[in-house]
Amino acid sequence: MTAYAASRLGRIRPLSRVSGHPLGVTVAGGTIVFIVMVAIFAPLLTPADPNQASIIDQYLSPSADHWLGTDASGRDLLSRLIEGSRTALLGPTIVILISTPIGVAAALLAAWRGGWLDAVISRVIDVSFAFPGLLLAIIAAAVFSPSLLVAAVALSVTYTAYTARVVRSEALRQRSRPYIEALWVQGHSTLSIWRRHLLPNLMPLILAQVTLSFAYATVDIATVSFLGLGVQPPTADWGTMVAEGKAAIEEGFPQESLYASGCLVVLILSVSVVGDYLTDRAEQRK
Amino acid sequence: MSAPLLEIEDLCLAVPGQAGERPLLRGVDLVVGAGEVVSIVGESGSGKSLTARAVMGMLPDGAKTAGSIRLAGTSVLAASGNELRALRSQRVAMVFQDPRAHINPVRRIGDYLTEAVTAVGGVSGSAARARAIELLTATQIEDPAGIMSRFPHELSGGMLQRVMIAGALMGEPEMLLADEPTTALDVTTQAEVMAILARLRRDFELAILFITHDLELAAAFADRTAVMYAGRIVEEAPSAVLHEHPEHPYTVGLLRSRPSLGHGTGRLEAIRGRPIEAAEVSGGCAFAPRCGFAEPRCLTEDPRLLPHGAGTVACLRAGELGQVEERSHA
């Protein structure tokens, strides 16, 4: 399966064929890679300590010392943006890591066993849809203490439902295909069929779903942080920076909110473009 | 005859329908000995594929069964999941009509072949590979080693059917169920595939249950041929006997409705009416409404499959056919 997965991933984004994809997708993919690299190497890239406050440096304009200026506490905005890329990526990553395995497992069980188990899982999915992810995150922040992890875990409930619903319908379709029947006849066990055949065949769809979920989860996490219920100050985060820059807007210094929301828009747009592209390809395969 | 490898006794199968149970098989009796080739011939919906599937333990959802299927000493209908898996991986294999639909399109041929024994039988990867190439060679496919790394869409239907046959033999089964393996192929490929099956049968001493709607093909390939109608076997005999001296009016009709070079260019005779489903049989002989020899008792009395001559036949008037005049088609 690993060899298979590798070839599949390779077909989706082989470096040698980047030019074969639409230009927008190539640019979006490049942007994502760039943001991920920035997040990984953030401590090496920040020109100043992102949490170093200095009251006399409040609201400085861009200069050689502070390329993007400073915020209300005199902290270097560029450093905070670079540092903020880490939480911006970490939150959705947690959501994906939780929601994808659980969602896929629930979907396969429901599609395979059918009957009452399918009914129960499908109803649980429906009920999960009734609660917006944001509401769950706010409730979780109220019950536990507000933090990135609590928000991400709470949002995972909704994203698990999304993934499970999409994967279940495709798994049902695959299940009725003759090649699966032929595998039964060869004496394969259910787990062997799942691992070697069903999951690889579902992989393009799962990958597309993961990408789209990542984009939506980025928005949700940033929103929760904006509300003050996610990432907690003084940790730099794009969502909290938008909120912190709010007061400055009235004083004529909109940079902080603008930069942070700009970064969010670029990240979300890039992930969405790639996600749409992967979804199209997954659907073409049907 | 050697000890029976497969013994189907009075197999009945019904699925839940809109109005209660819908019977699909109405008491199938069939015996296949070790190394023997038996054909089941019948029209669409007569239950021939269903019988083969039942032998593999693959029943439709919610199916109710009666009777028994004994395969290599195991009662299929009573077997647990593990017993069925052992049976499928070691004793019996199946070849389907449409190889393209029955092979995972995104896996390589080599994976398809070797997985059948590495995942189930615990055979090592290199041993499985060697066996796969050996079997591909036996199916006379060109460049067996090269085929291993190809994808199904790169192969023609005939090649894929050979691959599927090779895959079926990976587990060294004693019996092969072939469900219309040549129906989807063109005539020349069909002849090649049949020749391969005949050779493999000899080389591996395979028993084959061959499902087809082609009576001529069945008679040419199989030791014995069974004719199915509306969920029951109506006649069964050594192939040559069945072909030359059919006893059941339905078999007679099937043979007559086939174009043949020897019979001139006269009009072909179709069997009157349409094939009925097992669920529509109300009592009496299922074929009676279409039969040119039917008597009043045929409509009320259900004929049983009884020994007659060299085979068995389920007809109340078995043996009289040569002497009585068939009613003309009104």
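Reader: How many salt bridges are there between chain A and chain B?

Author: The count between chain A and chain B is two salt bridges. A word on the basis: this is a predicted model, where local features need pLDDT of at least 70 and side-chain atom pairs count only at pLDDT 80 or more, while totals for chains, interfaces and linings use all residues. Residues are numbered from 1 along each chain as its sequence is written, chains are lettered from A and ligands numbered from 1 in the order in which they are written, and side-chain values use heavy atoms, with hydrogens and water left out.

Reader: What makes Arg53(B) and Glu181(A) a salt bridge?

Author: The term asks for a side-chain nitrogen of Lys or Arg within 4 Å of a carboxyl oxygen of Asp or Glu. For Arg53(B) and Glu181(A) the closest N and O atoms are 2.5 Å apart, so the pair qualifies. Arg53(B) lies in helix H1 (residues 48-55) of chain B and Glu181(A) in helix H8 of chain A, so the pair crosses between chains. Helices here are DSSP runs (H or I, at least four residues), numbered from the N terminus.

Reader: And how do you know that Glu115(B) forms a salt bridge with Arg196(A)?

Author: Their closest N and O atoms are 3.4 Å apart, therefore they also meet the definition.

Reader: Which label, buried or exposed, does Arg80(A) get?

Author: Arg80(A) counts as buried, because its relative accessibility is 0%. The side chains of Arg80(A) and Glu244(A) meet in a salt bridge at 3.7 Å, N to O. That pair links distant parts of the chain, helix H4 (residues 77-113) and helix H10 (residues 238-250) of chain A, 164 residues apart. Glu244(A) is partly exposed because its value is 26%. Asp71(A), Arg75(A), Arg80(A) and Glu244(A) are linked in a network of salt bridges.

Key
Helices (H or I, at least four residues) and strands (E, at least two) are DSSP runs, numbered from the N terminus. Buried means under 20% relative accessible area, exposed over 50%, partly exposed in between (1.4 Å probe, protein chains only).
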